[in-house]
Amino acid sequence: NNDPANPQQHSETNTNNNAQPPQTLIELLIAANPNAVHVMNNEGRIPLNLAIASGKRWNQGVSALYHAAPKCAETKDAATGLYSFLLAAISPDSCVETCFHLLQGWPEVVR
């Protein structure tokens, strides 16, 4: 008797404290093909920089891309010539958290 319209039933089935948060599409794609994080598009842009340029934030898949290939943050974006953290900083949807994590992973870039 599984009724999706019943909020009581729905809340009871989702109270598992060990449940994983929903995965982003980016996380699902990385799980399906981990090597894809290194593949450039026809403009020479890597997935990490494409995600940042499209306005994705750290918790919207940027973290997954970074953790799958941290060295990719050291690759200048082919379209802008900027490193990932700078691309995140100038984005119209800029996110301090994204910039912070990218810099935390490669602090030498600002020396």
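**A tour of two salt bridges**

The structure contains two salt bridges, a salt bridge being a side-chain nitrogen of Lys or Arg within 4 Å of a carboxyl oxygen of Asp or Glu. The model is predicted, so that local features need pLDDT of at least 70 and side-chain atom pairs count only at pLDDT 80 or more, while totals for chains, interfaces and linings use all residues. Residues are numbered from 1 along each chain as its sequence is written, and side-chain values use heavy atoms, with hydrogens and water left out.

Select Asp77 and Arg45 to begin. Their side chains form a salt bridge, at 2.8 Å from N to O. The pair links distant parts of the chain, 32 residues apart: Asp77 lies in the loop between helix H4 (62-68) and helix H5 (84-90), and Arg45 in the loop between helix H2 (25-32) and helix H3 (47-53). Helices are DSSP runs (H or I, at least four residues), numbered from the N terminus. Both Asp77 and Arg45 are buried, where buried means under 20% relative accessible area, exposed over 50%, and partly exposed in between (1.4 Å probe, protein chains only).

Select Lys71 and Glu74 next. Here the closest N and O atoms of the salt bridge are 3.4 Å apart. Lys71 is exposed because its relative accessibility is 61%, whereas Glu74, at 29%, is partly exposed.

Finally, display the whole protein. The secondary structure consists of six helices and zero strands, in the order α-α-α-α-α-α along the sequence. Of the 111 residues, 32% are buried.

Methods: Helix = DSSP H or I, 4+ residues; strand = E, 2+ residues; numbered from the N terminus.
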